[in-house]
Amino acid sequence: MKHDVAARIAKALAEEARARGIEGELPAPSIDRTKKAEHGDFATNVAMAVAKRFSVKPQELAAALKARLEGDPTFARVEVAGPGFLNLKLAPAAFHRALAQVLEAGPLFGRAPAASRERVNLEFVSANPTGPMHLAHGRGAVVGDVVGRLLDATGHRVVREYYVNDAGNQIRLLTQSVLARIVDGYPTPQDGYGANAYVEQLGAHVNGRHPDLVARAPSEPLAFEQLSKRCVTYVLDGFPGFPGIRATLRALGVQFDVWSSEAALHADGRVERAIDALRDGGWLVERDGALQFETTRLGDDKDRVVFKTDGGHTYFASDIAYHKDKLDRGFDRLIDVWGADHHGYIPRVRAALTALGLPAERFEVILIQMVSLVKNGAPYRMGKRLGNFITIDEVLDEIDEASGRKGSGSDALRYYFTSRRSDAQLEIDVEIAKKQSLDNPVYYVQYGHARLCALLKKAEHECGIAPRAEPDLSPLQHPDELSLIAQLSAYPEALAEAAKLREPQKIVGYLTSLTQAFQSYYTRLKKENDTILPRSGERETGAWKTRDDGAYAAKVRARVAWVRAIRDVYGAGLALLGIAAPERMDRPAAAEGASPEATDDEAG
RNA sequence: GCGCCCGUAGCUCAGUUGGAUAGAGCGGCGGCCUUCUAAGCCGUUGGUCGGGCGUUCGAGUCGCCCCGGGCGCGCCA
């Protein structure tokens with residue numbers, strides 16, 4: 001629809017230029033959808049943008065263009081406004097054409113499967129396998145997952161990857177913490193994972209399953225290593241009392257294609273080879289007994305240690321190998337989703353790729369800002385040692401239970417995390433996060449979808465309108481119906497924009513506004529004493545089919561197709577967000593029974 | 001001190017990458033269910049878009065300078 005309008009404006013502009021003898025390239029006109037109905041459907045600033053080239057006043061040029069555009073039946077009204085805007089109101093037929101396009105594409109509308117075919121490696125979450133995922137991890141998980149869906153939908157080939165840090169200090173500390181719980185006299189490690197239910201349960205489980213390893217681990221390094229591996233496995237796969245990271249992610253609707261292991265990078269020599277390559281390139285220096293990579297030569301603040309004085313590697317050493325490995329696997333683009341507290345890390349990874357002769361410009365980072373928790377207005381600090389972190393499992397379970405539907409918690413959390421820009425800090429009240437089950441805005445969007453589905457079901461079963469009917473659309477004349485079509489036609493633009501900028505909240509915003517428009521129309525129509533479908537009495541007798549010589553039936557059929565288009569776009573949008581699109585939603589019992597008295601009782 | 005992010009309604013946040021009278025949810029107040037789902041709709045309340053200067057037809061959006069908050073500046077991850 002927008003392209004169509006843009007092409008017509010460009011044509012009028014070109015004609016005007018020719019008439020005035022203006023030579024050369026003209027800037028592409030910028031076409032905007034208007035916010036106000038009185039401004040028509042589209043507006044363009046083209047007259048203001050090119051007035052200088054034409055050596056005339058913007059308003060004069062706008063008037064000339066208006067004269068040309070008025071000859072085009074696509075436009076019902078063309079007006080010059082303000083300093084030289086052209087406000088365009090489209091004829092109904094233009095809306096009907098746009099709707100036909102949506103209907104033809106159906107649920108695939110807006111997708112661009114043949115776009116770039118860029119091969120993208122999307123690495124996200126990558127939380128250390130040392131404990132359950134807590135709420136803050138969820139933000140990166142959801143944003144990463146949705147960015148993956150956005151890229152899928154816009155023609156990229158995405159591999160979702162979880163980098164398991166199974167080779168470092170933190171794993172050793174976890175294993176030591178576990179041993180301290182179950183082996184008499186085993187020292188509690190400094191900065192370890194304290195006395196909480198998680199370590200307790202993990203210890204009990206490990207002790208029951210691998211008594212031999214537990215016995216030997218304190219004195220035999222090999223046994224310790226094997227025990228560490230077991231611990232990582234249990235953290236990922238779960239053990240009694242805790243579902244494990246994989247299951248938590250699954251419950252959140254997050255899937256991964258590849259789980260790559262840091263330990264494996266070391267085991268098969270990829271780290272060594274990457275470091276050797278840096279050495280061969282002359283990037284490494286021995287300093288203070290450690291091996292340093294001179295990243296300052298590539299714009300970093302200071303040189304970075306890759307091998308420590310004690311001979312151990314830093315995580316940076318692994319990361320060099322890991323990112324090199326990802327590029328070696330042939331990806332056109334690497335997208336890492338990181339917590340914003342790691343932002344200082346970007347220059348050194350980029351430096352590493354450059355030093356290795358790899359295309360660093362393919363490396364991109366999405367920073368996820370902190371999630372800070374408050375409880376009753378006061379900061380709520382979470383910490384491993386405090387043992388009071390709110391796990392994702394906990395939040396999911398509570399919301400599922402309160403709403404009586406499995407998956408409800410995932411929907412609520414996904415909505416919450418995707419409705420905000422990821423580069424802005426986010427404050428969550430832990431009480432609201434857990435109890436906000438029934439007034440979460442996600443239900444608003446889902447309810448809209450359920451209403452559309454209910455209409456379509458009734459249309460099929462009680463009016464005999466085929467689900468894939470392709471009726472004449474010209475009876476659609478209600479201003480709300482037409483402006484909703486304009487909104488539908490904007491969906492591909494919203495999707496493309498969201499994918500390009502890696503900003504899921506654009507989709508949430510789009511869906512919210514679409515829902516609003518439909519819900520508002522739905523109620524307004526009733527006030528106008530009209531309905532989308534025939535009322536129940538007429539449905540039963542079939543009288544609606546012949547009313548007004550069939551004109552009414554034609555309108556009903558057109559409206560049902562229109563509803564189907566909205567439903568399809570809706571469903572597509574929700575799928576992008578990984579939020580369920582329920583076909584029916586019944587009022588929850590709490591809301592059903594809500595009366596002033598009942599509310600007072602609860603409050604008192 | 002240096003670097004990155006943020007500052008928009010009482011609270012949590014959007015704002016189509018420079019457009020017209022800045023929006024939503026929650027909260028407050030007042031209305032709307034006899035037949036398509038009231039988890040809804042309508043109205044109302046609420047703003048010097050942190051402050052200043054600049055760029056131009058036009059700034060919440062871009063530039064510079066302040067103020068305020070968060071994060072980073074480890075041979076931790």
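Chain A carries 78 positive and 82 negative side chains, and the centres of the two sets lie 3 Å apart. Lys and Arg count as positive, Asp and Glu as negative; His and the chain ends are not counted. Each charge is placed at NZ of Lys, CZ of Arg, CG of Asp or CD of Glu.

This is a predicted model, in which local features need pLDDT of at least 70 and side-chain atom pairs pLDDT 80 or more, while totals for chains, interfaces and linings use all residues. Residues are numbered from 1 along each chain as its sequence is written, chains are lettered from A and ligands numbered from 1 in the order written, and side-chain values use heavy atoms, without hydrogens and water.

**Chain A overall**

The C-alpha trace spans about 90 × 70 × 45 Å along its principal axes. Chain A exposes about 28,200 Å², with 50% supplied by carbon and sulfur atoms. Areas come from the Shrake-Rupley method with a 1.4 Å probe; for residues, only the protein chains shown count as cover. Of the 604 residues, 50% count as buried, meaning under 20% relative accessible area. Contact means heavy atoms within 4.5 Å. Among contacts between residues at least 6 apart in sequence, 71% join residues at least 24 apart.

Chain A has 25 helices and 15 strands. These are DSSP runs numbered from the N terminus, with at least four residues for helices (H or I) and at least two for strands (E).

**The parallel sheet**

Five strands form an open sheet in the order E7-E6-E5-E11-E12, with parallel pairing. Two strands pair if DSSP finds at least two bridges between them. E7 (258–261) and E12 (363–368) are the edges; each has a single partner strand, so one side of each lacks a neighbour in the sheet. The twist averages 25° from one strand to the next. E11 (residues 333–339) and E12 run parallel, joined by six bridges. Isoleucine 335 has glutamate 364 in E12 as its bridge partner.

Axes are lines fitted to C-alpha atoms, for helices over the stretch in contact, and angles run from 0 to 180 degrees between N-to-C directions.

| Helix | Strands touched or crossed | Angle |
|---|---|---|
| H13 (residues 315–328) | E5, E6, E7, E11, E12 | about 145° to E11 |

**The antiparallel sheet**

A three-strand open sheet has the order E8-E9-E10, and its pairing is antiparallel. E8 and E10 (304–307) are the edge strands, each pairing on one side only. Here the twist averages 45° from one strand to the next.

E8 (residues 284–287) and E9 (residues 290–293) pair over four bridges. Leucine 284 stands opposite phenylalanine 293, and glutamate 286 opposite leucine 291. E8 and E9 form a hairpin with two residues between them. In the turn, aspartate 288 has a positive phi of about 55°.

**Glutamine 176**

Is glutamine 176 buried or exposed? Its relative accessible area is 15%, so glutamine 176 is buried. Glutamine 176 sits in helix H6 (residues 169–182). Beyond its neighbours within four places in sequence, glutamine 176 is in contact with Tyr186, Pro189 and Phe224.

Definitions and conventions. Buried < 20%, exposed > 50% of the residue type's maximum accessible area, 1.4 Å probe, protein only.
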